[in-house]
Amino acid sequence: MSQSNVHAETYRQEALELLSDVEEAVLDIEQDSGNAEHVNRLFRAMHTIKGSGAMFGFDDIAEFTHHAETVLDRVREGTVPVNKELIDLILASSDQIRSMLQAADSGAAVDVSRSEQIVSGLKALLDVKGDAKAFSPENIEASDADKNMTGKKITCRIRFCPGPSIFATGMDPALLLDELRDFGDCAVIAQTENIPALYDLDPEQCYIFWDVSLTTNKSIDDIRDVFIFVDDESEIKIVEIASDANMENDRKRLGEILVERGDVAKEIVDKALDSQKQIGELLVDSGAVSREKVHSALKEQQIVEKRKATTSSSSVRVPADKLDNLINLVGELVVTQARLTQVSANVNDAGLAIPVEEVERLTGELRDCALNIRMLPIGATFSKFRRLVRDLSSELGKEIELKTEGAETELDKTVIERLDNPLVHLIRNSIDHGIEPPEEREVSGKSRKGTIRLAAEHKGANVVITIEDDGGGLDAEAIKSKAIEKGLIETGDGLSESEIFKLVFAPGFSTNTEVTSVSGRGVGMDVVKREIETLRGSINISSKKGEGTKVTLFLPLTLAIIDGLLVKAGEDRFVLPLSLVDECMELPKDHIANAHSRHLISVRGELVPYIRLREIFDLSGGYPPLEQIVIVKSEGMRVGIVVDKIIGSHQTVIKSLGRMYQDAEGVSGGTILGDGGIALIVDVPKIIQCTERKERVGV
Amino acid sequence: MAKIIMTADDSASIRQMVSFTLKDAGYEVVEAVDGKDALNKLNGAKVNMLITDLNMPNMDGLELIKHVRAKSAFKFIPIIMLTTESQAGKKQEGKAAGATGWIVKPFKPEQLIAVIKKVLR
């Protein structure tokens, strides 16, 4: 038996009991018509028959009983007298209900004409035309269905001021606010201005009221329904402020919103506007409106704007060179602004300082915004690899699945473009050398299908890209013997595993003896490494034999602007990328004398080779008495760069040097300084390589 | 811990329906057949919410609500009354007595749960 049947059966039994109650009560009334309790009993019985009937599917009984109940209600009120006619009709009704119950049980038809006859008799007793509103359970269902079907979005402002005694009715305002939050985009702001001082405060009363700005696809009636149980003491104002139809209207000003809400008079707002200060601040200062109210009005403004933004959000395709041009101009602006700041610092004029500060802030924002435009999600590149993996793995008879994570990670357009080749190479490596053939994988207890995980994520000012496979991993011994064979190392003794793995990045290294179509065409990991380094990134490899290999790329978010360390050598200034700088220290003259012209310095016991920027760039002029040394970290080793003076950190907008100097070694670009001078950006890995080369040739 | 809801109704079928719906939704249910019974069962019991019919013998719903509100333990619990469409005036009386809200009979199980969700957490 189903649940509804159980309920129906219970109801039937109950109704039958109630009907005998009805008869008893009727007979009692006949004997003692003055006793109100009998009438009440009678009414209650009919009331229950009706109410429960409608709930368990006995709609016909409910509708029929409704008429009897209405009459009995009048009898209770004393407007309909108790007479024989009434008693006959009630008894007839009772019989009719009983036969309806039986009919529902057996499926037999009910004498509808008899019902109608009784109903019209009851109506006649009422002697009032059409007062008894036809009772129909369908009405309720229909209206329920209507409510939820409105698809259009509206934004409303709701002010909910609960009466102080709202808690006494067991109502929790927080639940109502939660219900509103479920409706859609919702900002709730509590207004606390009515909370009295502690000794006046009655903890059982509610002093807070709320302003809610809500964007929802429900109707105003739905919102009103939330507050259906809230009593008249409370004040609920619901105003629709924007619907799809009037979204095109101008953005509302804060003052307008406050006036509309009735929080402040229009004249006060106008007066405030005249004095040209931040309107919100001013209104709060003048005490016309509380800070919370202003705050809440602002929230509403935001919600409406947000809504607008989402409705009109679309993209514009712009040629890349236009963007480059924009970045260039913004770069110049940043530089000019830096000069302006410097000049104004010298002038020392308070009147000038304020607009200059404004310009500084705005330029900063403009720079970030312009750089942001160039950012693209890396996802498009990722999806290209899906195809690559599919094609290559079937070619090699391997089963490989590519998993990508963080496709939404954004990177500078140029970085993404130049990342393409290195990534292709790394993934090819994983497919070719990393993942083993299915049979081999089964033997070593792995699933037949290999996995390559390609993931991108933000880490500080860097983007970290990981290429991880669950293949055979790197064989440290094989790498070592290969490196010895190629003459990259001599014995390999005392090398840690990670140091051995680094050897795969050495030029001309490849562990796979055969050349396959997939990888091993002479383009080795050294090329990948160089590519990543020109992007001012770094590469790292780790591996566990039999478990897989993981290559990690660290890349800067953008190429256009770097944090640099501004240094001076001779008359010229240079910028060293701050990301490479480890520490700065002094290079005492007597040390140079003691070192017997070997370019080595002891830094806390560690011998660090150093390079003089003056020597690299052939700068004239005498050495200063005290030189500075900047220790940088490049290619896994620490090298000192000797300069005359360290000026300080400097946000550098990189400008390319133009065609003539494109092949100049040792500099990666130039930048314009605040005073209009030019500084070269030192390509640190390059000058270290150059020096190494010279040394070798020299030896 | 499951919330405990008391349903006071003289109609066995309504009680059964209410209590079945509530148990289904994970509440514990205490049944009472009229106001007096409800008040008795409330003594010392830990009830989180009351759903009461208005028309009951011995003690009707309004009276029950007033008595319950007078007890400090139940001063702030949600109280829902079951009314019918013919009792519009009763809603106001009920609110005045301290009822939190109402459900108009006939109602469906979903409507009952929706109302409870609105007032009880």
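A crossing is called left-handed if the near helix is turned anticlockwise from the far one by less than a right angle, and right-handed if it is turned clockwise. Residues are numbered from 1 along each chain as its sequence is written, while chains are lettered from A and ligands numbered from 1 in the order in which they are written. The model is a predicted one, in which local features need pLDDT of at least 70, side-chain atom pairs count only at pLDDT 80 or more, and totals for chains, interfaces and linings use all residues, with side-chain values using heavy atoms and leaving out hydrogens and water.

Two packed helices are described by the angle between their axes and the distance between the axes.

Helix α4 of chain A, residues 84-106, packs against helix α5 of chain A, residues 112-126, at an angle of about 150 degrees, with the axes 10 Å apart. The two helices α4(A) and α5(A) are therefore roughly antiparallel to each other, and α4(A) passes α5(A) in a left-handed crossing. The contact (heavy atoms within 4.5 Å) is made on the α4(A) side by A:E85, A:L86, A:L89, A:A92, A:S93 and A:Q96, and on the α5(A) side by A:R114, A:S115, A:I118, A:G121, A:L122 and A:L125.

Helix α5(A) also packs with helix α3 of chain A, residues 59-77, at an angle of about 20 degrees and with the axes 10 Å apart. In this pair α3(A) and α5(A) are therefore roughly parallel to each other, and their crossing is left-handed. From α3(A), the residues A:F64, A:H67, A:A68, A:T70, A:V71 and A:R74 meet A:S115, A:I118, A:V119, A:L122, A:K123, A:L125 and A:L126 of α5(A).

Further along chain A, backbone geometry deserves attention. Most residues other than glycine have a negative phi, and most peptide bonds are trans. A:N348, although not a glycine, has a positive phi of about 60 degrees; A:N348 lies in the loop between α13 (320-347) and α14 of chain A. For the accessibility classes, buried means under 20% relative accessible area, exposed over 50%, and partly exposed in between (1.4 Å probe, protein chains only). With 68% relative accessibility, A:N348 counts as exposed. A:R604 is likewise not a glycine and has a positive phi of about 45 degrees; A:R604 is found in the loop between β15 (600-603) and β16 (606-612) of chain A, and A:R604 is exposed, at a relative accessible area of 70%.

Helix α14 of chain A, residues 350-373, contains A:L366, which counts as partly exposed at 38% relative accessibility. Neighbours within four places in sequence aside, A:L366 is in contact with A:V330 and A:L333.

Of the 121 residues of chain B, 58% count as buried, and among contacts in chain B between residues at least 6 apart in sequence, 60% join residues at least 24 apart.

Within helix α3 of chain B, residues 61-70, the residues B:G61, B:L62, B:L64, B:I65, B:V68 and B:R69 are buried. They cover an arc of only 160 degrees around the axis, which puts them on the same side of α3(B), the arc being that of the directions from the helix axis to the C-beta atoms. The face of α3(B) turned away from this buried side carries the exposed residues B:K66 and B:A70. B:I65 is buried with a relative accessible area of 0%, and, neighbours within four places in sequence aside, B:I65 is in contact with B:T52, B:I79, B:M81, B:A97, B:G98 and B:A99. B:I65 and B:G35 are 30 residues apart in sequence and 8.7 Å apart in space, C-alpha to C-alpha.

Note on methods: Helix = DSSP H or I, 4+ residues; strand = E, 2+ residues; numbered from the N terminus. Axes fitted to C-alpha atoms, helices over the stretch in contact; angles between N-to-C directions. Parallel < 35°, antiparallel > 145°, perpendicular 65-115°, else oblique.
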